[in-house]
Amino acid sequence: MRRPLMAGNWKMNNNLASARKLAADLVQALGGVEQVEVLLCPTFVHLQAVMEQIKNSGIALGAQNCYCEAGGAYTGEVSAAMLADIGCKYVIIGHSERRHVIGEDDGLINRKVLSALAEGLRPILCVGETLQEREDGVTEKVVTRHITGGLAGVSPEDGRRVTIAYEPVWAIGTGMTATPGQANDVHALIRGLLSEGFGPEVAAEMRIQYGGSVKPDNVKGLMDQPEIDGALVGGASLKAESFEKIVKYYE
Ligand code: PEP
C-alpha cells in the first residue's frame, strides 16, 4: 500500500516572515497527520526557517532544485549534500519551470537525480508534456523520454527512493487540470516504464504524484484514481487553508 505524498511547492514566493507563518499555520493544521505524508518545499533561503517551524511535527522538508555536483567551483548552485546536511528529505528535480524557463535537459536532470540519491535524498522527478505535445499526440513519447532519461543509471534499490510527479505543463498554474482519467492513464504508462526499468515489485512501491492546478475541489477525484499516489501542489499550497483541505482530501 503506497502512502500518498502531498507536497507544497512554494516556488519563488514568500518572504522570511510569511514563510515562517505559513509553516507554523500548517504545523497547527497538519502536524501529526498519518494518512498521508506532508512535504513543504520553500525556496533555498527559507529552508532553515521552515525547518525550525516543522521539526518534530511529522511534516517533511524538501528543496525545489539542487546541483549535480557535491561541491566546488559552481557559483550560485546548491548541492544535494548541502540540502541533506540541513535536514531536507526530498528534492524536486526537473520541474517544468526548470526545463522550460531555465533550459534544463534530461541529461542534467539525470545527473541531479543521481547526485540526490548518492547523498541520501529522495528525488521527486517531474515529467510531463506541453500543450503542443499533447495536441500532437506525443504525450507517451515525451513522458517516456523524461522517465528513461531522468532515471538512467538508477539501481532498483535506489529506485525505491524516487517519487515521480506527472505534471502536464498545460495544467501548471493555468487552472486547467487533467481529468482524473487522463491523469490515471499517464500514471499507468509511467508505472509500466518503472516496472520495465526496476521490476514490478519496486514499481509497485514507488509513488507517482499528479501536479497541475490541484485544488480543494478537484483533489478527491484525482486521488480516487488507482495510480495516483499524491499531489504536487503549487498555487494552492501558498494558503494554509487550501493546502490543509487538499492534504485532508480523505475526510
Ligand atoms: C507545481 O508547481 O508543480 C504546480 C503543479 O503548480 P500549480 O498547482 O499552481 O499548477
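**Close-up views of helix packing and selected residues**

**View 1. Contact between helices α7 and α9.** Thr139, Glu140, Val143, Thr144 and Ile147 of α7 meet Val186, Leu189, Ile190, Leu193 and Leu194 of α9. Sorted by class, this contact of α7 with α9 holds seven nonpolar, two polar and one charged residues. The model shown here and in the other views is predicted. Helix α9 spans residues 180-198, and its axis lies 10 Å from that of α7 at a packing angle of about 40°. The two helices, α7 and α9, are therefore oblique to each other. The crossing in which α7 passes α9 is right-handed.

**View 2. Contact between helices α5 and α7.** Helix α5 (residues 106-118) packs against helix α7 (residues 139-150) at an angle of about 45°, and the axes are 8 Å apart. On the α5 side the contact is made by Asp106, Asn110 and Val113, and on the α7 side by Arg145, His146, Gly149 and Gly150. The residues of this contact of α5 with α7 divide into one nonpolar, four polar and two charged.

**View 3. Surroundings of glycine 149.** Glycine 149 is a residue of helix α7. Its relative accessible area is 23%, and glycine 149 is thus partly exposed. Not counting residues up to four places away in sequence, glycine 149 touches Asp106, Asn110 and Thr144. Asp106 and Asn110 also belong to the α5 side of the contact between α5 and α7, while Thr144 takes part in the contact of α7 with α9. Histidine 187 is 38 residues from glycine 149 in sequence, and their C-alpha atoms are 17 Å apart in space.

**View 4. Contact between helices α1 and α2.** The axes of helix α1 (residues 16-30) and helix α2 (residues 47-54) come within 9 Å of each other and cross at roughly 25°. Because angles under 35 degrees count as roughly parallel, α1 is roughly parallel to α2. The passage of α1 across α2 is a right-handed crossing. Leu16, Ala19, Arg20, Ala23, Ala24 and Val27 of α1 make the contact with Ala49, Val50, Gln53 and Ile54 of α2. The contact of α1 with α2 is made up of eight nonpolar, one polar and one charged residues.

**View 5. Buried face of helix α2.** Leu47, Ala49, Val50 and Ile54 are the buried residues of α2. Viewed down the axis of α2, these residues fall within an arc of 165°, so they line one face of the helix. The elements covering the buried residues of α2 include α1, β2, β3 (60-63) and α3. Ala49, Val50 and Ile54 are also among the α2 residues in the contact with α1. Just after α2, asparagine 56 takes a positive phi of about 65°.

**View 6. Buried face of helix α12.** In helix α12 (residues 240-247), the residues Ala240, Ser242, Phe243, Ile246 and Val247 are buried. Down the axis of α12 these buried residues fall within an arc of 165°, so they line one face of the helix. They pack against the helices α1 and α11 (219-223) and against β1 (5-9), β2 (37-41) and β8 (230-233).

View 7. Leucine 83 is found in helix α3 (residues 80-85). With a relative accessible area of 2%, leucine 83 is buried. Leaving aside neighbours within four places in sequence, leucine 83 is in contact with Phe44, Leu47, Ala63, Asn65, Cys66, Val78, Cys88, Val91 and Leu121. Glycine 120 lies 37 residues from leucine 83 along the chain, and the C-alpha atoms of the two are separated by 10.0 Å.

View 8. Asparagine 14 lies in the loop between β1 and α1. Its phi is near 85°, a positive value in a residue other than glycine. At 30% relative accessibility, asparagine 14 counts as partly exposed. Serine 213 lies in the loop between β7 (208-211) and α11. Although serine 213 is not a glycine, it has a positive phi of about 55°. Serine 213 counts as buried, at 9% relative accessibility.

Conventions: Residues numbered from 1 in each chain as written. Predicted model: local features only at pLDDT ≥ 70, side-chain atom pairs only at ≥ 80, totals over all residues. Heavy atoms only, no water. Axes fitted to C-alpha atoms, helices over the stretch in contact; angles between N-to-C directions. Helix = DSSP H or I, 4+ residues; strand = E, 2+ residues; numbered from the N terminus. Parallel < 35°, antiparallel > 145°, perpendicular 65-115°, else oblique. Left-handed = near helix turned anticlockwise from the far one by under 90°. Contact = heavy atoms within 4.5 Å. Nonpolar A, V, L, I, M, F, W, Y, C, P; charged D, E, K, R; others polar. Buried < 20%, exposed > 50% of the residue type's maximum accessible area, 1.4 Å probe, protein only. Arc of directions from axis to C-beta.
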